Amino acid sequence: MGQSKEERVHGVFEKIYENYDQMNSVISFQRHKTWRKETMKRMNVKKGQSALDVCCGTADWSIALANAVGPEGSVTGLDFSQNMLKVGQQKVQQLGLQNVNLIHGNAMQLPFKDHSFDFVTIGFGLRNVPDYMQVLKEMNRVLKPGGKAVCLETSKPTLPVFKQFFFIYFRYVMPLFGKVFAKSYNEYSWLQESARDFPGMSELATMFKEAGFINIQVKAFTGGVAAMHLGSKPKEENE
């Protein structure tokens, strides 16, 4: 009997955690940092606010959020890979951040009460969950009324020539990079599969709407190889 998507993804990240940050930079040509900075500008996070970073991995976005909310704010990072969290915890401790709490958990069933956070983010993690809609609905549930959900994820370019280059790169070059830099050809082959099968920008925007978000913003990065989706939870939700 074959592995479920959840089991396979868990196995991938439990194996590649030591090289994950390096490989992110190699695969995206360092662009992922710029994408996150631009996304943070659009989020307009204020001091003292609260944020949940779903599928936080090695906690880079959690740390950026912690710096934005300041000591009076709070950030929770959640991931189902203990090894990824271990790397993230080392970063948090080295930076001396007291407002970040990293926990082990499942994005499909967030262990938080309704209306708990001002922001809920997910960076390059939605494509790896078993049910995209379930996770978006969970993100909506734990947001405060008026709060914002933000997804930064790989996407599908639409320009004809660039689109072909992108698919060749993801299908053949990225797994090769994984083999050369991280000795993990099969794991990076899986990551390109998950990126290839992920919905395009307009499809994901529709899913945000179906999950209950309003005022949805979409921003393409680097010719559409990645995209930000930002949606707000209606303020008229019952407290």
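This is a predicted model: local features need pLDDT of at least 70, side-chain atom pairs count only at pLDDT 80 or more; totals for chains, interfaces and linings use all residues.
A pair of aromatic rings is described by the distance of the centres and the angle of the planes. On the pairing criterion applied here, the model contains 5 aromatic pairs. One of these is formed by Trp35 and Phe221, whose rings are stacked, with a centre-to-centre distance of 6.5 Å and an angle of 20° between the planes. Trp35 belongs to helix H3 (residues 31-43) and Phe221 to strand E6 (residues 214-221), so this pair ties together parts that lie 186 residues apart in sequence. Both partners are shielded from the surface: Trp35 is buried at 6% relative accessibility, and Phe221 is likewise buried, at 6%. A tilted pair is formed by Phe208 and Phe213, because their ring centres are 5.2 Å apart and their planes meet at 40°. Phe208 is buried, with a relative accessibility of 0%, and Phe213 is buried at 2%. Ring pairs also extend beyond two partners, in that Trp35, Phe124 and Phe221 are linked into a cluster.

Most residues other than glycine have a negative phi. Two residues depart from this pattern. Asn44, which is not a glycine, adopts a positive phi of about 60°. Asn44 is located in the loop that connects H3 to strand E1 (50-54), and its relative accessible area of 43% places Asn44 in the partly exposed class. Ala59, also not a glycine, has a positive phi of about 75°. The position of Ala59 is in the loop between E1 and helix H4 (60-69). In contrast to the partly exposed Asn44, Ala59 is buried, with a relative accessibility of 0%.

A further loop position is that of Met108, which is found between strand E3 (100-104) and strand E4 (117-123). Met108 has a relative accessibility of 17% and is therefore classed as buried, the cut-off being under 20%. When residues up to four places away in sequence are not counted, Met108 is in contact with Pro130, Asp131, Gln134, Val135 and Glu138. The C-alpha atom of Met108 is separated by 9.3 Å from that of Met133, a residue 25 positions away along the chain.

Definitions and conventions: Residues are numbered from 1 along each chain as its sequence is written. Side-chain values use heavy atoms; hydrogens and water are left out. Rings of Phe, Tyr and Trp (its six-membered ring) pair if their centres lie within 6.5 Å; planes under 30 degrees apart count as stacked, over 60 as edge-to-face and the rest as tilted. Helices (H or I, at least four residues) and strands (E, at least two) are DSSP runs, numbered from the N terminus. Buried means under 20% relative accessible area, exposed over 50%, partly exposed in between (1.4 Å probe, protein chains only). Contact means heavy atoms within 4.5 Å.
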